[in-house]
Amino acid sequence: MHSLPDIENLIPGIKRLFSHTIGEPILFSSGLFWILFILFISIYAFIYSRKVQMMLYVTAFSLFFYYQTNGLVFVFLPATALLDFTLAKILHASTNKLHRKILLTYSIVMSVGILACFKYTNFFITTWNDIFSDNFQLYNLILPVGISFYTFQSISYITDVYKGKIKPANSFLQYLFYLSFFPLILAGPIMRAEKFFPQIQSNKRISSTMIYGGLWLVMIGIIKKAVFADYIAQYNNWIFEAPLHFSGFENLMGVLGYGAQIYCDFSGYSDMSIGIASIMGFDLGKNFNLPYQSSNITEFWRRWHISLSSWMRDYIYIPLGGNRTTKFRTYLNYMITMLIAGLWHGASWMFIIWGGLHGLGLVIHKINKPWLDKIPNNFPARFLSWLITFSFVSFLWIFFRSVSMENSIELITRIGSDFSLSYALPFLKARTTWCIFIILIFAFHAVPGKYYDKFKYYFINSPWILKVILFLIVVQLVIQFQTGSVQPFIYFQF
């Protein structure tokens, strides 16, 4: 006779719903979230067409969801929303140029100031102590999860109102709904108000294409994150924590593994976020477009974290002058933009170095573009371009992942001084599943994007029984490959 489920095992999950754990969000790939989401969507379906009730309901859920992760510091989000909403209304009504610039500057300074206070205070203190041999005490600050993402949305909103690209939100509720929207709040993508507001105001019904297309993206995202990324992360962590304990070949595999891990981790989260929003009737666009297909570093940044890349272009690179100035200034603008992008990723010199090297790569590509464009567009040339780009991006992941420059130098030195292909066969035998996953991840990049659209189309139009079977297969894969210590989403720390 089968025993009933152990009720005591449910108690920790129920308690988790009504308490908070700082820095530990309810993951989109967790069973707890999906129980919560099913309860949420069952009510949402009945009130979706009543806009005010829908926005109140979703905003309340979003703030509750955000509180679960950050505790009382979640109040900075509605406080930021109230400030933005008020200043945007005043700015839009004003015709005084100086007055408008002051309001814009004040809003941006406040948003960036809150972000800098939480994210960079200890970094600046540590840097000061290292340079001047001082001993200033560090603060016990906990970075609110998602603050970098909603801060960028806040800046884009007030800037677009200032430029006249959009009108201020119709109500404070509408703006708070936008800034706190829970599929976006933890790790993006960064959504522009000009694309989101019309969807709030639209009266169109949620189509089966959006629902099943969203489910497809959720399933793909769960496989990327909970199966691929979490599994291969275990070996990668060993390599980056102690590179000198492994051979050069094993270190190189760890570097390739991290490139695969961070792609599956972040693009998997984006897929789930975009899919959940699609089920709710919102289109968040695309945030990753097979970035490891890129044949140059410029193309890579058009395919990787698209919402961040376009944000950096529109709100930093172009305001600095973009390419509408001298060549030297254009190249400097690239460097400044990428250094800021690096610092945005984390309060560490390693992220700044990573961003700076990407900026240098963009500058080198732009300098050489006139003669690169003259190279015949044949397979050997395309393959060589891809290989150089992939090698460069993979190499820079070392600095992104390493905790210090010493750690990254140890890893690079180990690869250069102790590399032998004789390790390949024993490594394949010892880590067969890991190798298969890595090969699959990069092999998927060899498939043209149009075929993925076809797979999605076939799923949307497939019989319901097939959808159920595929969903159960995904659940079984997660159970089969789940680890004892589930890896958090990498980009939560940003």
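**Figure 1. Helices H13 and H14 are oblique to each other.** This is a predicted model, in which local features need pLDDT of at least 70 and side-chain atom pairs count only at pLDDT 80 or more, while totals for chains, interfaces and linings use all residues. Residues are numbered from 1 along each chain as its sequence is written, and side-chain values use heavy atoms, with hydrogens and water left out. H13 spans residues 306–317 and H14 residues 327–345. Their axes come within 10 Å and cross at roughly 125 degrees. Axes are lines fitted to C-alpha atoms, for helices over the stretch in contact; angles run from 0 to 180 degrees between N-to-C directions. Oblique covers what is left after roughly parallel (under 35 degrees), roughly antiparallel (over 145) and roughly perpendicular (65 to 115). Helices (H or I, at least four residues) are DSSP runs, numbered from the N terminus. The crossing of H13 past H14 is right-handed, meaning that the near helix is turned clockwise from the far one by less than a right angle. H13 contributes Leu308, Met312, Ile316 and Tyr317 to the contact (heavy atoms within 4.5 Å). From H14 come Thr330, Asn333, Tyr334, Thr337, Ile340, Ala341, Trp344 and His345. By class, eight residues of this contact are nonpolar, four are polar and none is charged.

Figure 2. H7 (residues 172–180) and H9 (residues 193–201) meet at an angle of about 120 degrees. Their axes are 11 Å apart. H7 passes H9 in a right-handed crossing. Gln174, Tyr175, Phe177 and Tyr178 of H7 touch Ala193, Phe196, Phe197, Ile200 and Gln201 of H9. Seven of the contact residues are nonpolar, two are polar and none is charged.

**Figure 3. Trp397 in the largest nonpolar core.** Such a core is a set of buried Ala, Val, Leu, Ile, Met, Phe, Trp, Tyr and Cys residues joined through side-chain atoms within 4.5 Å. Helix H11 (residues 248–279) supplies the largest share, 15 residues. Neighbours within four places in sequence aside, Trp397 contacts Tyr258, Gly259, Ile262, Tyr292, Phe300, Trp304 and Trp354.

**Figure 4. Thr80, a buried residue.** Thr80 lies in helix H4 (residues 76–93). Its relative accessibility is 7%; buried means under 20% relative accessible area (1.4 Å probe, protein chains only). Beyond its neighbours within four places in sequence, Thr80 is in contact with Ser111, Ile114, Tyr150, Ser154 and Leu179.

Technical notes
Buried means under 20% relative accessible area, exposed over 50%, partly exposed in between (1.4 Å probe, protein chains only). Helices (H or I, at least four residues) and strands (E, at least two) are DSSP runs, numbered from the N terminus. Ala, Val, Leu, Ile, Met, Phe, Trp, Tyr, Cys and Pro count as nonpolar, Asp, Glu, Lys and Arg as charged, and the others, Gly among them, as polar.
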